[in-house]
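Thanks for making time this morning.

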Amino acid sequence: MKALLASLLESSLNSLQKLCVTQCYAIKCGYIADVYVSNRILDSYSKFGFLSHAHKLFDEMCQRDSVSWNTMISGYTSCGKLEDAWCFFKGMRRSGSNVDGYSFSRLLKGIAFGKMFDFGQLVHGLVIKGGYECNVYVGSSLVDMYAKCERVEDAYEAFQDISEPNSVSWNALIAGFVQVRDIEMAFWLLSSMEMNDAMIMDGGSFAPLLTLLDDPVLCNLTKQVHAKVLKLGLEDEITICNAMINSYADCGLVLDAKRVFDGLGGLKDLITWNSMLTAFSKHELKESAFELFIEMQRSWIETDVYTYTGILSACSGEEYQIFGESLHGLVIKKGLEQVTSVSNALVSMYIQFPTGAMKGPLSLFESLKSKDLVSWNSILTGLSQNSFSEDAVKFFSYLRSSNIEVDDYAFSAVLRSCSDLATLQLGQQIHALAIKSSFESNEFVTSSLILMYSKCGVIKNARKCFEQISSKHSSTIAWNTMILGYAQHGSGQVSLDLFSQMCNQNVKLDHVTFTAILTACSHTGLVEEGLEFLNSMEPVYKIQPRMEHYAAAVDLLGRAGLVMKAKELIESMPLNPDPMVLKTFLGACRACGEIEMATQVANHLLEIEPEDHFTYVLLSHMYSDLKKWEKKARVKKMMKERGVKKVPGWSWIEIKNKVYTFNAEDRSNPLCQEIYLMIEDLNQEMQWLDSDNWFDQASLLGLNHF
DNA sequence: CTAGGGTTAG
């Protein structure tokens, strides 16, 4: 009989047909009355998710034992239908079949998956009533359930109730503390487990723990765990290796990640490949990511949604646009375009291409049937990043009016648009909303708030937001934004003070910190200090200077009139100066009246960036200053021939919910006479200030640090 | 027929 069933189950028919045939055969031969036979068919139905068939068979069975009931409970919990599972659980008790350890562990697994803490407590009560709390299977399920609900104390109590906990119980408990990011407790449990000779440690003990080691400051810990893993001979445990690849990558040690990857040889599974792929993508090692992706194709490694989200996130920047588009084709071919995560990855890829229009991303987004929070936020971020600021604000209010969840990402993005719009009232309204939704202390939201208030000229409020951050030692971006805010307000000394506080409090510095601090020096004329910062970046702070740092330093020297020093700096740069550096230098040449050098640099710039209006406009102004009208006319003509247009600068001010825009010499406003009179008054006042010495100026402006 | 563990997009 067993042989018959086995051969039927192995037939070449697809599984549902196979099971139906098996069932018919069993009925025909009268085997169906055998509980063992029925249970086996029942189990197959529920394993493949054919629950209506299972249910029907269950109803038709003339005899049911606890295995039959438990099978039904498993079937329903494993597809998330907890209510149905619960009905069977209750039915089981009513029918006189005793619920047992199997029933509880299955039910609890479903509860853990759904993180239904209250339900879990109720079942825990029943477990105690039935006397199962010391059963290692039930107990471990309880630990897991509380762990998944992030109730680690309850998990710990449940763990202590188990009479003889095994490694699964330990692992479930460790995973619980990992889930709430309690590194210390997780490590303490791991070492307690290690001291317990009866416990065999495996992937389940180490892999979850490694997911916590995701920051460069923890890289030594990662290495130590790696050493321990080798010592225990667990280097072939695939889950550990996969987690290790991710840890090393998140700690910034991609090469170590690659070493683990290579060390696996033929033991690699799909998660291994995906993890390595994502590691390369995260570190902008696009070529390596593509090589790996192609190797996967060549070696006939199956690909899945993770593979595509991984490789799609490697496609940033102009030169990868063509690859990104090809991958989009592949995604369509594989039928993955409607998978939310893949579509989200496509959207975020498209929004950062230099041709950054929102048309493509928006149509992708609109055709996506199941949108999640990331989908909405990606579009919002896209609008914000591509300077569609008004649309970003509109989109944000649409989200709110449609009752779509608005989270910290959304707040951060829309506040950035408020900064770009420099509309204080709107920014304040959104600030109020952020407070109401308790996102105001989030690092990213706070930074956007600081930026918004700085841009709107209310540096005091920016400072207030900054002061309210709970864990200042870990929020580099908030410090950077605050330093930059003061720098742009001309309070360079405050920026420098913040910088030393940052160092004293061991806040992590990054390349943006130095851009901010160099800007501060340049806006305050602190030449020596600025150069000192630039020169110490690499040797002292271990941060490689980037193009923007050199640009800032050139600006610093240019503003101080040290154009030759700026030239020397550019010549000594280890990188080839990019257009930004050259444009800054050009500005410095003009300001210092270095016509020859300006002309040279300008000619070079006109060659490499003929479409940018900056160089033409600057040359034109310079020739005006020098009254060289012919040369000015030549520049204007060149612009016209090449179709380059000057982008006029606009200013705007928000008064009582209305935004007034104007540009230079604008007389279109009906109140323009009054406005110009006021400007004259202000000018006079400024001249009066100018006649005093600068100490008095500083004190009038409230800059007491001078 | 029971329990734990590794990869994704903003």
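Predicted model: local features only at pLDDT ≥ 70, side-chain atom pairs only at ≥ 80, totals over all residues.

**Salt bridges, pockets and a patch**

Because Arg259 and Asp256 sit three residues apart in helix α16 (residues 254-263), about one helical turn separates them. Residues are numbered from 1 along each chain as its sequence is written, chains are lettered from A and ligands numbered from 1 in the order in which they are written, and side-chain values use heavy atoms, with hydrogens and water left out.

Arg259 and Asp256 form a salt bridge, with their closest N and O atoms 3.7 Å apart; the term means a side-chain nitrogen of Lys or Arg within 4 Å of a carboxyl oxygen of Asp or Glu. Arg259 counts as exposed because its relative accessibility is 57%, whereas Asp256, at 19%, counts as buried, given that buried means under 20% relative accessible area, exposed over 50%, and partly exposed in between (1.4 Å probe, protein chains only).

The structure holds 16 salt bridges, and another of them joins the side chains of Asp250 and Lys282 at 3.0 Å, N to O. That pair links distant parts of the chain, since Asp250 belongs to helix α15 (residues 238-250) and Lys282 to helix α17 (residues 270-282), 32 residues apart; helices here are DSSP runs (H or I, at least four residues), and strands are runs of E of at least two, numbered from the N terminus. Asp250 itself is partly exposed, at 26% relative accessible area.

Of its 28 lining residues, the closest to the centre are Asp215, Pro216, Asp250, Lys508 and Asp510. By pocket I mean, on a 1 Å grid over the protein atoms alone, an open set of points where a 1.4 Å probe fits, with protein on both sides within 12 Å along at least five of seven lines, and lining residues have an atom within 4 Å of a point; the volume is the space filled by probe spheres set on the points, which are joined across faces, edges and corners.

The second largest pocket holds about 870 Å³, and α23 gives the largest share of its lining, seven residues.

Finally, Lys583, Glu609 and Asp612 are linked in a network of salt bridges, and Phe662 lies in strand β2, where its 37% relative accessibility makes Phe662 partly exposed.
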